[in-house]
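Student: I have a structure open on my screen and would like to walk through it with you. Shall we start with the ligand?
Tutor: Happy to, let's look at it together.
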Amino acid sequence: MSLANGRSYLAIPGPSVVPDAVLRAMHRAAPNIYTGELREMMPGIIADLKRVARTEAHCAIYIANGHGIWEAALANILSPGDRLLVPATGRFAHGWSDIARRLGAEVEILDFGKRDPIDAARVAEVLRADTEHRIKALPVVYVDTSTGIRNDIAAIRAALDETGHPALLLADCIASLACDPFEMDAWGVDVTIAASQKGLMTPPGIGFVWYNDRADAARETAGCVTHYWDWRPRTDPDQLYLYFDGTAPTHHLYGLRTALDMIHDEGLDRVLARHATLARAIWAALDAWGQGGPLEVNMADHAHRSHAVTAIRLGGDRADRLRHWCEFTGGVTLGIGLGMAEPGSPEAGGFFRIGHMGHVNAHMVLGTLGVMQAGLLACDIPHGPGALDAAAAVCAAADPG
Ligand SMILES: *Cc1c(COP(=O)(O)O)cnc(C)c1O
């Protein structure tokens, strides 16, 4: 028998749950792209995107998923043969590196493995050794969605400053924007990237690049920049095509407008506090289960855990069995493990992830954990007691303000 019929819940780390209000905003006839409401909406959308990234920098919007935005950010600053230093804490840093290599960059990966955050002191060592300042930029994944590790971006800025190295600092906030605290200007980030389908609660299809004047100076000589990825026309309000290199992503813009309203109506600080509390509730349950069995949060140190996504180790084929039960009998879809083991290897079924980004509340999180509790029992996976009580206690102690 399945108990899954009813409203299902997608708890994967992107695409995230799209709020009904966002879906309703998108359900409309096609608007005119040259004049009228859509065009008038654009300055407000751009101003609100800057507020979410906490920056005064320029903001370009592209019709693209995260992979496209990875390429957009690099194409505007790189020329073939330029050198990049990529500190890696999971699959996504390697994915961004692959795109850089295809653009002709020479990529040095500083790999911290899958269970440790970036060590800024080691980054500083590499920067110090680069006496000719050949390294053009450091693309850094703030939250690596495969490992759940949240890196200290300000510490990397400090490493650049203390070594006097002029490389640009790029931050991938695709998983984490409007979930984990991020301060583009205060942390000295030159280029920030994000996409619509995670913390921004809008379907996949549009992405964003915020860039400051230092990064735009690099654009001046960038040999990799192409017509489509050029960020300059996209920040020009006088463009016929309304900031887009062609037809605007009309319905996505209506959805995004509503999602940004939701974020600012709640207040960004409260949105971040909600994510922090719900993440702690999830960890409390996971830690309790782990006391009596093989379950383990991949990133041990809470200070380096993301509030948007948690990666979990179960070993054997237990994660696959648990996910299967939760999806087909419990109505909750958990995320697959990504980049933790070779696909098809005996270890591959031992990892999973919980997405807790964007439109997520206590009932969604406690419901997910309740289904997981049932799944652990049904799949005969050893686990400690008290997980649901522990998670409920975190929610109960939350500041009602
Ligand atoms: C999701 C994600 C990406 C890739 O986004 P796509 O839209 O799947 O191409 C890149 N980086 C991070 C950190 C992500 O979470």
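Student: How far does a backbone N or O atom of glycine 66 lie from an oxygen atom of the ligand?
Tutor: Keep in mind that this is a predicted model. Gly66 is among the closest of the 13 residues that surround the ligand. From a backbone N or O atom of glycine 66 to a ligand oxygen atom, the distance is 2.7 Å.

Student: And what percentage of the ligand's accessible area does the protein cover?
Tutor: On its own, the ligand has 390 Å² of accessible area. The ligand sits in the second largest pocket.

Student: Which residue has a side-chain N or O atom 2.4 Å from an oxygen atom of the ligand?
Tutor: Two side chains are worth checking here. Glutamine 197 places an N or O atom of its side chain 2.7 Å from a ligand oxygen. The 2.4 Å distance belongs to threonine 145.

Student: Why is helix 3 largely enclosed by the rest of the structure?
Tutor: Look at the burial of its residues, where buried means under 20% relative accessible area. Gly66, Gly68, Ile69, Trp70, Ala72, Ala73, Leu74 and Ala75 are buried in helix 3. The helix is largely enclosed because the buried residues number 8 of the 10.

Student: At the start of helix 3, which residue reaches to the backbone nitrogen of histidine 67 with a side-chain oxygen?
Tutor: The two atoms come within 3.1 Å of each other at the start of the helix. The side-chain oxygen belongs to asparagine 65.

Student: How far apart are the C-alpha atoms of isoleucine 99 and alanine 75?
Tutor: Isoleucine 99 is part of helix 4, residues 91-102. With a relative accessible area of 12%, isoleucine 99 is buried. Along the chain, isoleucine 99 and alanine 75 are 24 residues apart, and their C-alpha atoms are separated by 9.8 Å.

Student: With which side chain does threonine 310 make a polar contact?
Tutor: Threonine 310 is in strand 12, residues 309-313. Its relative accessible area is 3%, so threonine 310 is buried. The polar contact spans 3.2 Å, and the partner of threonine 310 is tryptophan 283.

Student: Is methionine 201 buried or exposed?
Tutor: Methionine 201 is in the loop between strand 9 and strand 10. Its phi is positive, near 60°. At 4% relative accessibility, methionine 201 counts as buried.

Student: What is the phi of arginine 54?
Tutor: Most residues other than glycine have a negative phi. Arginine 54 is in the loop between helix 2 and strand 2, and at 39% relative accessibility it counts as partly exposed. Its phi is positive, at about 55°.

Student: Last one: what is the peptide bond from glycine 14 to proline 15, cis or trans?
Tutor: Most peptide bonds are trans. Proline 15 is in the loop between strand 1 and helix 1. With omega near 0°, the bond from glycine 14 to proline 15 is cis.

Note on methods:
Residues are numbered from 1 along each chain as its sequence is written. This is a predicted model: local features need pLDDT of at least 70, side-chain atom pairs count only at pLDDT 80 or more; totals for chains, interfaces and linings use all residues. Side-chain values use heavy atoms; hydrogens and water are left out. A residue is near a molecule or strand if one of its heavy atoms lies within 4 Å of it. A polar contact is a pair of N or O atoms within 3.5 Å; within protein, one must be able to donate a hydrogen and the other to accept it, and residues adjacent in sequence count only if both atoms are side-chain atoms. Accessible areas come from the Shrake-Rupley method with a 1.4 Å probe; for residues, only the protein chains shown count as cover. On a 1 Å grid over the protein atoms alone, a cavity is a set of points where a 1.4 Å probe fits but cannot get out, and a pocket is an open set with protein on both sides within 12 Å along at least five of seven lines; lining residues have an atom within 4 Å of a point. A molecule sits in a cavity or pocket if more than half of its atoms lie within 2 Å of its grid points. Buried means under 20% relative accessible area, exposed over 50%, partly exposed in between (1.4 Å probe, protein chains only). Helices (H or I, at least four residues) and strands (E, at least two) are DSSP runs, numbered from the N terminus.
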